[in-house]
Amino acid sequence: MRGYGNLVDGYRRFRANQSDTARERWQELVEGQTPRAVIIACSDSRADPATIFDADPGDIFVVRNVANLVPPFDPDGGMDGVSAAIEYSVTQLNVPEIVVMGHEKCGGISAVLTGHFHDARPGEGGLVNRWMSQIDESAQPIARDHGTSPEAHRLLEEAAIRQSMANLRTFPFVAEREQTGSLVVLGCHFSIRTGELWVLEEAEGKFRPV
Ligand SMILES: [Zn+2]
């Protein structure tokens, strides 16, 4: 088959290797989904939530974008797939947990710190630049104190996770459900080099390995 990269080979393995249990599971899933968590992750090919959490189809509702960002609640905003996915999963699927997962070596984060796409036109990095400008304020003190060092990258990756969690809480239905205890908002950071996941302990304000 022309095109599709090597994806069709993978698809054929997927079809051939399916167990009877998996086939039965698809039969259940066609009736509907009740995922255990929503995961806001980066589009980066190395930080796939289903792989990291060893999740099966139906387990996790995943929203991916450049640098796992959540914009603030904006009822009059433009086309916004992130907010729509959050609204649907929280208010229609009643998912009990939202996890923002950042990761090491994030290209979006790096672009902010290095200014790589600064002033770039749409089609030349300008779209990434516009999307990532959401975290400019968080980036300024980090860039001032740590430049473009690995430390700066880690700090801004963590700051972006915190900011997305704060923005999630600007969605009224998220804040309400968190208050009544029917929804938990969590943050974590995945290290590509070690494969370790660190979770944010909000009471301490620190990320720790699980
Ligand atoms: Zn990334």
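Okay, let's start at the metal: the zinc ion is held by Cys42 through SG, His103 through NE2 and Cys106 through SG, at 2.0 to 2.3 Å. Donors here are N, O and S atoms within 2.8 Å of the metal (3.2 Å for Na, K and Ca), and water is not among the atoms, so sites may look incomplete.

Quick note: this is a predicted model, where local features need pLDDT of at least 70 and side-chain atom pairs count only at pLDDT 80 or more, while totals for chains, interfaces and linings use all residues. Residues are numbered from 1 along each chain as its sequence is written, and side-chain values use heavy atoms, leaving out hydrogens and water.

Cys42 sits in strand β1 (residues 37-42) and Cys106 in the loop between β3 (97-103) and α5 (107-114), so the pair ties together parts 64 residues apart in sequence. Helices (H or I, at least four residues) and strands (E, at least two) are DSSP runs, numbered from the N terminus. Cys42 is buried, at 6% relative accessible area, and Cys106 is buried too, at 2%. Buried means under 20%, exposed over 50%, and partly exposed in between, using a 1.4 Å probe and protein chains only.

Now helix α4. Which of its residues are buried? They're Val82, Ser83, Ala85, Ile86, Ser89 and Val90. Looking down the α4 axis, they fall within an arc of 160°, so they line one face of the helix; that arc is taken from the directions from the helix axis to the C-beta atoms. The face turned away from the buried side carries exposed Gly81 and Gln92. And after α4 comes Asn94, with a positive phi near 50°.
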